[in-house]
Amino acid sequence: MSYDYVIVGGGPAGCVLANRLSADPSVKVLLLEAGGGDSNPLFKMPAGFAKMTKGVASWGWSTVPQKHLDGRVIWYTQAKIIGGGSTINAQLYTRGNRKDYDAWESEAGCAGWSYRDVLPYFIRAEDNQRLVNAYHGYGGPLGVSYPVNPPPISFAFLRAAQEAGIPFNDDFNGRTQDGIGHYQLTTKDAKRASAASGYLAPIRARKNLTIRLNAPALKIVVDNGRAAGVSFASGGGVETARAEREVIVSCGAIGSPRLLQLSGIGPADALQGAGVPVVHDLSGVGSNLQDHLDLYAISECTGEHTYDRVAQPHRTLWAGLQYVLFKTGPVTSTLFETGGFWYADSHARSPDIQFHLGLGSGIEAGVASMKNPGVTLNSAFLRPRSRGTVRLASADPAAAPLIDPNYWADPYDRDCAIKGLRLARDILRRPALKPFVLAERLPGDGLESDDDLIRYAYRTCKTDHHPAGTCAMGVGSEAVVTPDLKLRGIEGLRVVDASVMPFVPSCNTNAPTIMVAEKASDIILGRTPLRAAEGV
Ligand SMILES: Cc1cc2nc3c(=O)[nH]c(=O)nc-3n(C[C@H](O)[C@H](O)[C@H](O)COP(=O)(O)OP(=O)(O)OC[C@H]3O[C@@H](n4cnc5c(N)ncnc54)[C@H](O)[C@@H]3O)c2cc1C
């Protein structure tokens, strides 16, 4: 089997690349995805997210014990399905702050990745239901819309946050990120708009694009310093696909450094420790792991103001009917559709805390669920200084990797996170929420000191699912790829996904990953880069 491009990993980045690179019918493209298809209706319904961190369509990995979180092992959902994270995520559409991308250029040396360089690629991807201006567009593959019918408690939350001094913002992805509001979502016509539905479904008939599902790549084949192809499992056997032009690794911020290391590309000492022969000693592979850690407060409601009781069988039936017949009701909700961005550190260059209002309790794996209806408010610190690693436990491609986000290694991250949790509790106690909120249940009465809250966080914190940075682009010796996303030291090999971000952006990471892949496709095809108009 021979192709021009072999793309490994059918997540958001892989789907974008498969679409853009196969647009020329003379170019043969293979997309390999370890997981299966997305035909189950759960993946289409926005509220299907409630099932998605509980083991559905994911690899089943956890972190190693976290040294600075009292040894906690944290369940670490990573998608294993076509569309990757965009098929199982909470569908929040956020881009972060313009200063995030300016720092990619000015601090990490990624020329061509400043905000004005990346903005046109966000817009090219977008099919915004409502907004058309200097920051937004329509007609792209990725559906973006506002929540269909947010319940009254989410409007009360907006008022409560304003009572706490946080201004209202109706577009976090426009001129200003600061403030509180309803999120834009990757939903279209009340259905999830994943990268698979937006970028792959419309082009399935292309004869020059082959998509292989349930086909985990085992190794990149390197011949004389050049990536010659990829061997992958299929049925009970192993096949090898040759790449005439390039192998593109898009396995995500955990999967990409994992596959590179399984192929002998990574820090020599770590490879030897795992029993993998060294093909190319590249110290940055699997380092620089950054992630957002979530802390949360949960309050009991005064009545059925959230969707906790929808899980009861007769209500599920009614909600299902409402959805199928009218495209309204709880099933249209992504369950996290309201929130915003504010400050833990008053000197921060831009918002460093993100709130997600959860319309229930126990929505995500490991999060407590209340006996009576509850409401959750997550707060995540957005610009961690801690850095972690992704390493191999062994040379066995079936073994889980050693994921070590190293949360709170830098005490600044802990201090900011605790301030964020205090802000969340403050909002939930404001007068506007009084008719909806009976009392705080977590952290709960009596836990007020920093020490109390730190111990509470050890027990309850969770990942916000935003790993990035493990194959960072840049110019220094720790960079894994150059700013044109070529792997340093091997020909014909690029990495394109969340792993190349030198710093995790201050937001959820699906839209930024799609932007990276949109821009990468122009780089690969040798097109003139787009650039935002002056004055934006
Ligand atoms: C539970 C959850 C909730 C989230 N919520 C949001 C949200 O609301 N909004 C938001 O913006 N972001 C969210 N994110 C983050 C966002 O989805 C990710 O940043 C994004 O999916 C990253 O895209 P990627 O292409 O880098 O990698 P991934 O999405 O991880 O895709 C990588 C793909 O490669 C495949 N793969 C891995 N290894 C191999 C191999 N060896 N061979 C073949 N295939 C392989 C995987 O199966 C996967 O399908 C969430 C993520 C998760 C997991």
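View 1. Helices (H or I, at least four residues) and strands (E, at least two) are DSSP runs, numbered from the N terminus. This is a predicted model, in which local features need pLDDT of at least 70 and side-chain atom pairs count only at pLDDT 80 or more, while totals for chains, interfaces and linings use all residues. Residues are numbered from 1 along each chain as its sequence is written, and side-chain values use heavy atoms, with hydrogens and water left out. The buried residues of α5 are Y115, R116, D117, V118, L119, P120, Y121, F122 and A125. Their cover includes the helices α4 (98-106), α7 (195-200) and α13, together with the strands β3 (92-93), β4 (126-128) and β5 (142-144), where contact means heavy atoms within 4.5 Å.

**View 2. Helix α1.** In α1, nine of the 10 residues are buried, so the helix is largely enclosed by the rest of the structure. Those buried residues are P12, A13, G14, C15, V16, L17, A18, N19 and L21.

View 3. The ligand is surrounded by 38 residues, of which the closest are E33, G85, A217, T509 and N510; a residue is counted here if one of its heavy atoms lies within 4 Å of the molecule. By class, this shell has 16 nonpolar, 19 polar and three charged residues, where Ala, Val, Leu, Ile, Met, Phe, Trp, Tyr, Cys and Pro count as nonpolar, Asp, Glu, Lys and Arg as charged, and the others, Gly among them, as polar.

View 4. At A34, a polar backbone atom is 3.1 Å from a nitrogen atom of the ligand. Taken alone, the ligand exposes 1000 Å², and the protein buries 96% of that; accessible areas come from the Shrake-Rupley method with a 1.4 Å probe.

**View 5. The largest nonpolar core.** Of the 79 residues in the largest nonpolar core, L260 and L493 touch the most other members, a nonpolar core being a set of buried Ala, Val, Leu, Ile, Met, Phe, Trp, Tyr and Cys residues joined through side-chain atoms within 4.5 Å. Helix α13 gives the most to this core, with seven residues. Apart from it lies another core, of 64 residues, among them A161, Y296, L421 and Y456. In soluble globular proteins, nonpolar side chains tend to be buried together.

**View 6. L493 and L487.** Leaving aside residues up to four places away in sequence, L493 touches I220, A227, V247, V249, L260, I265, L485, K486 and L487. L487 lies in the loop between β23 (462-463) and β24, and it counts as buried because its relative accessibility is 2%. With the same exclusion of neighbours within four places, the contacts of L487 are L260, I265, H280, L282, V480, V481, L493, R494 and V495.

**View 7. Two loop serines.** S499 is found in the loop between β24 (493-495) and α13 (510-524), and S499 is buried, with a relative accessible area of 0%. Beyond residues up to four places away in sequence, S499 touches G252, A253, S256, G469, T470, C471 and A472. S346, by contrast, counts as exposed because its relative accessibility is 64%, and S346 is found in the loop between β17 (336-342) and β18 (353-358).

View 8. The peptide bond from L442 to P443 is cis, with omega near 0 degrees, and P443 is found in the loop between β22 (437-442) and α12 (450-460). A57, in the loop between α2 (49-52) and α3, has a phi near 50 degrees, a positive value in a residue other than glycine. W408 has a positive phi of about 65 degrees although it is not a glycine; W408 is placed in the loop between β21 (402-404) and α11 (411-428) and counts as buried at 7% relative accessibility.

Note on methods. Buried < 20%, exposed > 50% of the residue type's maximum accessible area, 1.4 Å probe, protein only. Polar contact = N/O pair within 3.5 Å; in protein donor to acceptor, adjacent residues only side chain to side chain.
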